[in-house]
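Please look over the chain shown below. The report that follows covers backbone geometry, a sheet and salt bridges.

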Amino acid sequence: MQAPDEFNPLIGEAVTLEDGLRRVVADNPSPMTYRGTNTYLVGTGDIAVIDPGPVSDTHLRAILAALGPNERITHIFVTHSHVDHSPLARPLAEATGAPVLAFGDSFAGRSAVMDKLADDGLAGGGEGVDAGFQPDILLADGETVEGDSWALTAVHTPGHFGNHLSFVWGDAVFCGDLVMGWASSLVSPPDGDLSDFMASCQRLAAQEWRVFHAGHGAPIESPNARLAWLIEHRLGREAQILQALGHGACTAEALAHAIYTETPAALLPAATRNVFAHLVDLYGKNLVSAHPHLSAAATFSAL
């Protein structure tokens with residue numbers, strides 16, 4: 001895992017990561033966003049922007065200032081519609097005339113169990129949803145879009161968010177918030193789904209990659225090792241939860257307090273959502289029961 005002091009980018013300045021790829025970091029640091037959201041400019045001439053970021057006139061100007069004299073933005077890709085990734089897409093589209101491309105709106109890609117939890121009133125607990133997000137062009141899983149100097153293939157990778165896409169660029173992947181080098185990805189129902197998260201990680205792990213460019217933090221230079229760590233980390237957390245439930249029925253909140261003993265109090269609500277994500281997954285596997293019914297406030301028992 002990357003140490004916090006290993007990534008200290010100049011905010012708002014375009015940095016060349018490799019031929020045909022620049023990064024501009026938005027000025028929105030937080031415990032959830034690390035140093036800020038990474039906005040990527042792919043190609044030369046006609047430019048694809050990936051994840052324009054939060055609403056910010058300053059960041060909008062920084063993205064436009066990163067363009068060379070003979071460059072223009074022709075496509076705006078969004079990995080997912082959390083408020084730190086997608087809201088600037090529409091202002092950037094209006095400034096450039098480029099269309100916004102994504103899997104769907106903020107409710108696309110949700111599993112039936114997450115839809116039911118949302119219908120029952122479960123909300124919040126994540127980085128904030130861009131509820132009004134609406135792309136101009138819907139991207140299907142496996143669809144490739146090409147510019148004059150680039151090609152990006154959309155891969156539907158739900159788990160952190162239902163409409164989450166990763167974008168394959170040769171032997172590199174723009175992986176949004178599915179995989180990050182500085183922390184394990186947040187999975188917070190109903191927008192996050194651990195069953196989907198594990199499947200998405202395993203899908204990417206089936207191929208060898210050179211580098212992952214994440215939504216936050218430095219490039220991940222050993223992406224397959226990072227995927228293996230994430231999968232093992234989640235399996236370890238699952239084992240902790242089942243072991244704790246072996247001592248008696250418990251709520252997600254009580255489990256989080258028992259398991260995340262070194263987590264600051266301010267982050268325990270997020271930890272509780274993480275535990276609940278595991279419990280929903282275990283419920284779907286018929287390994288736990290929920291009383292009186294599946295909800296964030298339910299009491300869970302091992303089966």
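Where is the place of Pro190? Pro190 sits in the loop between β11 and α4. The model is a predicted one.

## Cis peptide bonds

Most peptide bonds are trans. The bond that joins Pro189 and Pro190 is cis, with omega at about 5 degrees. The loop between β11 and α4 holds Pro190.

Another cis bond runs from His291 to Pro292. Its omega is near 0 degrees. Pro292 belongs to the loop between β14 and β15, the latter spanning 299-302.

## Positive phi values

Most residues other than glycine have a negative phi. Tyr34 is not a glycine, yet its phi is positive, at about 60 degrees. The loop between β2 and β3 (38-42) is the place of Tyr34. Tyr34 is buried, with a relative accessible area of 8%.

Asp51 also has a positive phi, near 60 degrees. Asp51 is found in the loop between β4 (46-50) and α1. Is Asp51 buried or exposed? Asp51 counts as buried, at 2% relative accessibility.

## The seven-stranded sheet

Seven strands form an open sheet with mixed pairing. The order is β1-β2-β3-β4-β5-β6-β7. At the edges are β1 (15-18) and β7 (137-138), each of which pairs on one side only.

Strands β6 and β7 run parallel and are joined by two bridges. Leu101 stands opposite Ile137, a residue of β7. Helix α2, residues 89-96, packs on the sheet and touches β4, β5 and β6. The direction of α2 makes about 155 degrees with that of β5.

## Salt bridges across the sequence

How many salt bridges does a search of the whole structure find? It finds eleven. Side chains of opposite charge can pair when their charged atoms come close. Some of the pairs are described here.

Arg22 and Glu71 meet through their side chains in a salt bridge, at 3.1 Å from N to O. Arg22 lies in strand β2 (residues 21-25) and Glu71 in the loop between α1 (57-65) and β5 (72-77), so this pair ties together parts 49 residues apart in sequence. Arg22 is buried, with a relative accessible area of 14%. Glu71 is buried too, with a value of 18%.

Arg110 and Asp191 form a salt bridge, with an N to O distance of 3.0 Å. Arg110 lies in the loop between β6 (100-102) and α3 (112-119), and Asp191 in the loop between β11 (172-176) and α4 (194-205), so the pair ties together parts that are 81 residues apart in sequence. Both residues, Arg110 and Asp191, are buried. The loop between β11 and α4 is also the place of Pro190.

Lys285 forms a salt bridge with Glu238. Their closest N and O atoms are 3.1 Å apart. Why does this pair tie together parts that are 47 residues apart in sequence? Because Lys285 lies in the loop between α7 (268-284) and β14 (288-291), while Glu238 lies in helix α5 (residues 223-245). Lys285 is partly exposed, with a relative accessible area of 41%. Glu238 is buried, with a relative accessible area of 15%.

Key: Residues are numbered from 1 along each chain as its sequence is written. This is a predicted model: local features need pLDDT of at least 70, side-chain atom pairs count only at pLDDT 80 or more; totals for chains, interfaces and linings use all residues. Side-chain values use heavy atoms; hydrogens and water are left out. A salt bridge is a side-chain nitrogen of Lys or Arg within 4 Å of a carboxyl oxygen of Asp or Glu. Helices (H or I, at least four residues) and strands (E, at least two) are DSSP runs, numbered from the N terminus. Buried means under 20% relative accessible area, exposed over 50%, partly exposed in between (1.4 Å probe, protein chains only). Two strands pair if DSSP finds at least two bridges between them. Contact means heavy atoms within 4.5 Å. Axes are lines fitted to C-alpha atoms, for helices over the stretch in contact, and angles run from 0 to 180 degrees between N-to-C directions.
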